[in-house]
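Reader: I would like to learn how to read the strands, chain totals and single residues of a model. Where do we start?

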Amino acid sequence: DELSDAYVLVKDGWIEEVGSGEPPDGDVDESVDMSGHVVLPGLVNTHHHLYQTLTRAVPGAQDSGLFDWLTTLYPIWARMTPDHVRVATRVGLAELALSGCTTAFDHQYLWPNGSRIDDQFEGAAGLPMRFHVSRGSMSLGRSDGGLPPDSVVESEDAILSDSERAVASFHDPDRGATRRVVLAPCSPFSVTTELMTRTADLARDLDVTLHTHLAETWDEEEFCLEKFGKRPVEYMESVGWMGEDVWYAHAVHVAEDEIDRMAASGTGVAHCPTSNMRLASGLAPVSRYRDAGVRVGLGVDGSASNDSSSMIGETRQAMLLNRLGVAPGVGEGEQMSARAALEMATVGGAAVLGRDDIGVIAPGFAADLIAFDLERLEFAGSLHDPVAAVVLCDPVRVDHSWVGGVPLVQSGVLVDVDLPQLVSEHNRLSLELIN
C-alpha cells in the first residue's frame, strides 16, 4: 500500500500504528514532520565485501573478468591488517547508510595478518545499523588447485572452530537483532567439498544461515563440471546447500529447471547488477526467479567490482538492467517497474536474510525508515509519482533515516560520524596497502 498525508507511530523502536490523516490523540515524546518527503522502509543490502572499499579502481583490475580480477587483487588483500578491516568496514557502512541502507550483510572470507570477524563488529560500533557479518572462509589455495594464493587460505579445522566462536560471541537470533553471524565459504573453487558439507552441518547445528558465491560466470560452470561433474546448482544440492537458510550471490548462469528447484527449496539469491556488468559476468534471470517464487534481494557487491556502495543506485540499476534483459530480440517478459525494484531492495532483501521484522512499514515491524526530500533538484517535475521518482530519477543521498527509531542520517548528515577524519584515515590505509 501507499499512503498520502500519512503518519507512523513508533514506540520503543517498533511501529505501533500506520495511517492516513491526523495521528491519534495522545502525548508523544517527539514528533518529526516529514511533509514534502517520501518515506520508505530502510533498504536491505544482501551481499557486499566491505574490505574492498580499500581497493577501488585498481589498475590491472579495471577491465578484467572475474578470475583475472581476483588474481590481480588477492595479493593486495593478503596484506590487510585488522586496522584495514576495521576502517574499511566503517567507511562502507557509512556509504551504505547515506544511500538509504539500514540493514547490511557483508561477506568477508579472507582474514590475513591476524584480522578477525571481531574487527568488523568493532568497525561498525556506534553505527545504529543492522549488521549481518559472515565468518567466510577459503581453504583451497593455488597449490591445491584453487584460485586464491596459499597465503590467504586457512585449515578447515581452524575455520570451523572460529566459526563456532564467532556465532557464540556475536550472533543474536532474537527478533529486532542488530548483529548476526552467517557462515559463508567463499565459493566452490576456493574451498573443498568437505568444508562445504561440514559448514552446512555446523550452521544448522548452530541455527544460523548460509551464504556463498555461485554461478557468477561461465568459467565457474566449467570449473564445477570439470572438478565435480556437476553444474554449480547441482553441486550445491549434493553438498546440502539448498533450503530456506541458504542464499547465493549472483546466480547468473542458472538453468530453468534449477530455478524451479531453488524455488521449491526456498533458496534465495542476492542479485548484484552493477558488479555483474562491471566484470562482464552476464545477465541474471531475475524475472524468472521472481515468477518462480525464488526469494530475491539486492546486493551492491564489493567496492572493487562496483566501486560504490549505493543501495538506491543499485535499486535503479536492477530495474534498468532487467529491462535490457527483456528487450526485443534478447528475452521476453514485462519491463521491471520502479516499485518492483523497491520491493527487491526492501521486503525482498529482508526475506533473503531470513528476517520477518524489517522491510515493511507496518505495525509489528522495526521502525527502520528512510526519507527523501522531494524538493531536491533531482526530483523536479516528478511529484506526480514520488515513489517511482526515487528509483527513476538520479540516485541521491537519503535525507533522513532511522533504525529502530534511532536517527542514523539527519538532514543528509550521518549522525555522530566524523566523515572527513574517517575518509582521511581510510585513504592513508588504502594507499599503504596498494603501494
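Author: Start with pairing: two strands count as paired if DSSP finds at least two bridges between them. The model shown here is predicted, and every value below is computed from it.

Reader: How many residues lie between the strands of the hairpin of β13 and β14?

Author: The hairpin has 2 residues between its strands, and Gly 404 takes a positive phi near 60° there.

Reader: In what order do the 5 strands of the open sheet come?

Author: The order is β3-β12-β13-β14-β15, with antiparallel pairing. The strands at the edges are β3, residues 37-41, and β15, residues 413-414, each of which pairs on one side only.

Reader: Over how many bridges do β14 and β15 pair?

Author: Strand β14, residues 406-410, pairs with β15 over 2 bridges, again in the antiparallel sense. Across that pairing, Val 409 stands opposite Leu 414 of β15.

Reader: How do I read the two faces of a strand?

Author: Side chains in a regular strand alternate between the two faces of the sheet. Take strand β13, residues 400-403, in which both faces are covered. His 400 and Trp 402 are buried on one side, while Ser 401 and Val 403 are buried on the other.

Reader: Which strand does β9 pair with in the parallel sense over 3 bridges?

Author: That is strand β10, residues 268-271. Strand β8, residues 210-214, is parallel to β9 as well, with 5 bridges joining them.

Reader: How many of the residues of β9 are buried?

Author: For strand β9, residues 246-250, the count is 5 of 5, and the strand is described as mostly covered.

Reader: What about backbone angles? Where does phi of Ser 411 lie?

Author: Phi of Ser 411 is near 50°, which is positive although the residue is not glycine. Ser 411 belongs to the loop between β14 and β15. The cut-off for exposed is over 50% relative accessible area, so Ser 411, at 58%, counts as exposed.

Asp 5 is a second case, with a positive phi near 50° in a residue other than glycine. Asp 5 sits in the segment before β1, which covers residues 6-11. Its relative accessible area is 67%, so Asp 5 is exposed.

Reader: Now helices. Is Leu 342 buried or exposed?

Author: Buried means under 20% relative accessible area; Leu 342 has 8% and is therefore buried. Leu 342 is part of helix α12, residues 338-352. Leaving out residues up to four places away in sequence, Leu 342 touches Leu 40, Thr 315, Val 387 and Val 391. Between the C-alpha atoms of Leu 342 and Leu 298 the distance is 9.6 Å, at a separation of 44 residues in sequence.

Reader: In which helix is Val 423?

Author: Val 423 lies in helix α14, residues 419-434. Its relative accessibility is 40%, so Val 423 counts as partly exposed. Val 423 and Arg 90 are 333 residues apart in sequence, with their C-alpha atoms 9.7 Å apart.

Reader: Finally, the whole chain. How many helices and strands are there in the protein?

Author: The protein has 14 helices and 15 strands. Its radius of gyration is 21 Å, close to the 22 Å from the globule rule for 435 residues, so the protein is as compact as a globular protein of that length. Along the principal axes, the C-alpha atoms fill a box of roughly 70 × 50 × 45 Å.

Reader: What share of the residues of the protein counts as buried?

Author: Of the 435 residues, 57% are buried. The accessible surface is about 17,300 Å², and 48% of it belongs to carbon and sulfur atoms. Of the contacts between residues at least 6 apart in sequence, 74% join residues at least 24 apart.

Reader: How many positive and negative charges does the protein have?

Author: There are 30 positive and 67 negative charges, and their mean positions are 4 Å apart.

Technical notes: Residues are numbered from 1 along each chain as its sequence is written. This is a predicted model: local features need pLDDT of at least 70, side-chain atom pairs count only at pLDDT 80 or more; totals for chains, interfaces and linings use all residues. Side-chain values use heavy atoms; hydrogens and water are left out. Helices (H or I, at least four residues) and strands (E, at least two) are DSSP runs, numbered from the N terminus. The radius of gyration is taken over C-alpha atoms; the globule rule is 2.2 Å times the number of residues to the power 0.38. Buried means under 20% relative accessible area, exposed over 50%, partly exposed in between (1.4 Å probe, protein chains only). Contact means heavy atoms within 4.5 Å. Accessible areas come from the Shrake-Rupley method with a 1.4 Å probe; for residues, only the protein chains shown count as cover. Lys and Arg count as positive and Asp and Glu as negative; His and the chain ends are not counted. The place of a charge is taken as NZ of Lys, CZ of Arg, CG of Asp or CD of Glu.
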